[in-house]
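Subject: Structure handover

Hello,

I am passing a structure on to you. Please open it first, then read the notes under it.

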Amino acid sequence: MARQKRELIGEDGSSRGFYSEDNRVNDLTGREWVFWTRSVITKPYPPNLQHALRNQHGGQKPPDLCADLLRVFTKEGQVVLDPFMGVGGTLLGASRSGRRAVGIEINPEWTGIYREVCAREGIEIQEVLEGDAAQVLPRLSGRVFDCVLTDVPYWSMDTVSRSRGTWKRVGRPAAPVRASKLSAFHSGSYRTKEEWLQRMQETFRLAAGLLKADGYLLSFIGDMYRDNEYHCLSAELAAVIARIPEMVWKANLVWYDVSKKLHLYGYQYSYIPSLIHQNVLVFRREPARSG
């Protein structure tokens, strides 16, 4: 028998819609659920929570975006794991949405920034483990997480510019291409894309082993343009995660980052895209059920 539905009222006093007690995924009402099933996220996110400080990490994600994703894929009070926490977007999002979180980060500079952000904002520090995720995750054996939300480190794109060679405006001399902000968090540990994919698959395999049955695993991943070729990293990463036992690819959400500025690439010579979106791969752990 279906359980009762009840109307939820927002902080501003307006109706959020009706929530069903049968909702096993999140705390959203039907109206809110419909909104978040859209495959493209166009909601603008403010540069808050010490954005200038966090922006020293070229790949930081808006904590409020992470909070929204956690509201969709978890319930309040549940625990989320981030094996590549960076400056703590997932952990800050967990704090903003009433979730608990565990973050793993190999670079102490980034964990230091996260702690400084929490100190400045008066936010309780979530659990932080320093080290390589491949070595730290096995130490978490026995713990169970309700969700995994992370933003993967990239391969050698971290050390190269957005495009090769020079660029120029009409009537002006050629100039070097703009350097990528991603150079700020290069680890130097992935020599090829194939090695990067292998390492990512192994880390996600370890993380998936800590995920509860029917729990969701989400990963930010941006595509890239390099060496005169488009690399659909989102599809390549999804393919290796899909080969992990029990992991089922459920969705690819596209986050349209409205804060991105457009640059003049390849004008009059070749079409080069301005990448103003990132993908959020959504997987679910679905163990085989007997009967």
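Here is what was found.

This is a predicted model. The chain averages a pLDDT of 87, and 86% of the residues score at least 70. Two stretches need care. Over residues 157–170, pLDDT stays under 50. Residues 177–188 also stay under 50. Where pLDDT is low, the predicted coordinates should not be read in detail.

Start with the hairpin. Strand 1 (residues 5–9) pairs with strand 2 (residues 15–20) in the antiparallel sense, over five bridges. Glu7 stands opposite Phe18 in strand 2. Five residues lie between the two strands. In the turn, Gly13 has a positive phi of about 90°.

Next, the salt bridges. The structure holds 20 of them. In one, the side chains of Arg16 and Glu32 meet at 2.7 Å, N to O. This pair links distant parts of the chain: Arg16 is in strand 2, Glu32 is in helix 1 (residues 30–36), and they are 16 residues apart. Arg16 is partly exposed because its relative accessibility is 27%. Glu32, at 19%, counts as buried.

Asp227 and Arg226 form another salt bridge, with their closest N and O atoms 3.7 Å apart. Asp227 is partly exposed at 46% relative accessible area, whereas Arg226 is buried at 14%.

Glu286 bridges to Arg284, with 3.4 Å between the closest N and O atoms.

Last, the surface. Val40, Tyr256 and Val258 make a nonpolar patch of about 230 Å². Val40 sits in strand 3 (residues 40–41).

Best wishes

Conventions
Residues numbered from 1 in each chain as written. Predicted model: local features only at pLDDT ≥ 70, side-chain atom pairs only at ≥ 80, totals over all residues. Heavy atoms only, no water. Patch = residues over 30% accessible without salt bridge, like charges linked within 9 Å, V, L, I, M, F, W, Y side chains within 5 Å. Areas by Shrake-Rupley, 256 points an atom, 1.4 Å probe, with all protein chains shown as cover. Salt bridge = Lys/Arg side-chain N within 4 Å of Asp/Glu carboxyl O. Helix = DSSP H or I, 4+ residues; strand = E, 2+ residues; numbered from the N terminus. pLDDT = per-residue confidence, 0-100. Contact = heavy atoms within 4.5 Å. Pairing = 2+ DSSP bridges. Buried < 20%, exposed > 50% of the residue type's maximum accessible area, 1.4 Å probe, protein only.
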